[in-house]
Amino acid sequence: MGAAARAPRTLSRTVPVSASASAASASAPAAPAPASPAPRSSTASTAPPTEAELLDFVRRAAADTELIASLPLDPEGRTWIRLDGPGGSEAWLIGWPPGTGTGWHDHADSIGAFVTAAGELAESSLAARLPTDGWQTLELTEGVDRERRLPAGRGRAFGRHHVHEVRNESTAVHAVSVHAYYPPLPRIRRYSRAGQTLRLEQVERPEDWQ
């Protein structure tokens, strides 16, 4: 989960959300949520969730209108609620005021997925894997940039060391999204970018956002 451009309000609620283990394709529309989601069984497999399973989870959570409506929205900064993700994953319901975004960042060794539940988000990402450590500035090659528009019901999964920024570019409408990561985020590396130059600016740990 990335920090907002302005100071967010943290909500300390943890909400259980069920998810099936069926595979889902990236950038697919959200599937209808069950009328009454059942809690995850304590006898469920302990195998780590896959990217497809995380995407399936966030799709179902994003289609849960009661859950989405439970998130208070704040015009001054992002708000979030922690969710019970599948298989020990870390999951969040996030509200994005108009004009807010994450800035460039990655999720270290965690895989993840996110889906827009309301409004629209834009994602800029790099189709390149960066060195994990030991650098401060990188020169990116031409052609590594990817852009996505993610209206309500659309999303994507991603692998380890995925570098991106996510924005609500609307000037008037809040966006809401659901995110999941496995393993729970050990750190987030934040970057600044000028043209094709990417510079490591900060490393955040879980205590910085929980």
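Reader: What do the values rest on?

Author: This is a predicted model, in which local features need pLDDT of at least 70 and side-chain atom pairs count only at pLDDT 80 or more, while totals for chains, interfaces and linings use all residues. Residues are numbered from 1 along each chain as its sequence is written, and side-chain values use heavy atoms, with hydrogens and water left out.

Reader: How many aromatic pairs are there, and by what rule?

Author: Rings of Phe, Tyr and Trp (its six-membered ring) pair if their centres lie within 6.5 Å; planes under 30 degrees apart count as stacked, over 60 as edge-to-face and the rest as tilted. The count by this rule is three aromatic pairs.

Reader: Why is the pair of Trp80 and Trp92 called edge-to-face?

Author: The ring centres of Trp80 and Trp92 are 6.3 Å apart and the planes stand at 85°, so the pair is edge-to-face. Trp80 belongs to strand S2 (residues 79–84) and Trp92 to strand S3 (residues 90–96), so that the pair links distant parts of the chain, twelve residues apart; strands are DSSP runs (E, at least two residues), numbered from the N terminus. Both Trp80 and Trp92 are buried, that is, under 20% relative accessible area with a 1.4 Å probe, protein chains only.

Reader: Why is the pair of Trp135 and Tyr191 called stacked?

Author: For Trp135 and Tyr191 the centres lie 5.6 Å apart and the planes are at 5°, so the pair is stacked. Trp135 is in the loop between strand S6 (120–126) and strand S7 (137–139), and Tyr191 is in strand S12 (residues 188–194), 56 residues apart. Trp135 and Tyr191 are buried.

Reader: How do you know that the charged end of Arg78 sits over the ring of Trp96?

Author: A charge sits over a ring if NZ of Lys or CZ of Arg is within 6 Å of the ring centre and within 35 degrees of the ring normal. The charged end of Arg78 sits over the ring of Trp96, 4.4 Å from its centre.

Reader: Why does Ala108 count as buried?

Author: Ala108 has 1% relative accessibility and therefore counts as buried. Its phi is near 55°, a positive value in a residue other than glycine.

Reader: Why does His161 count as buried?

Author: His161 counts as buried because its relative accessibility is 3%. Phi of His161 is near 65°, likewise a positive value in a residue other than glycine.

Key:
Helices (H or I, at least four residues) and strands (E, at least two) are DSSP runs, numbered from the N terminus. Buried means under 20% relative accessible area, exposed over 50%, partly exposed in between (1.4 Å probe, protein chains only).
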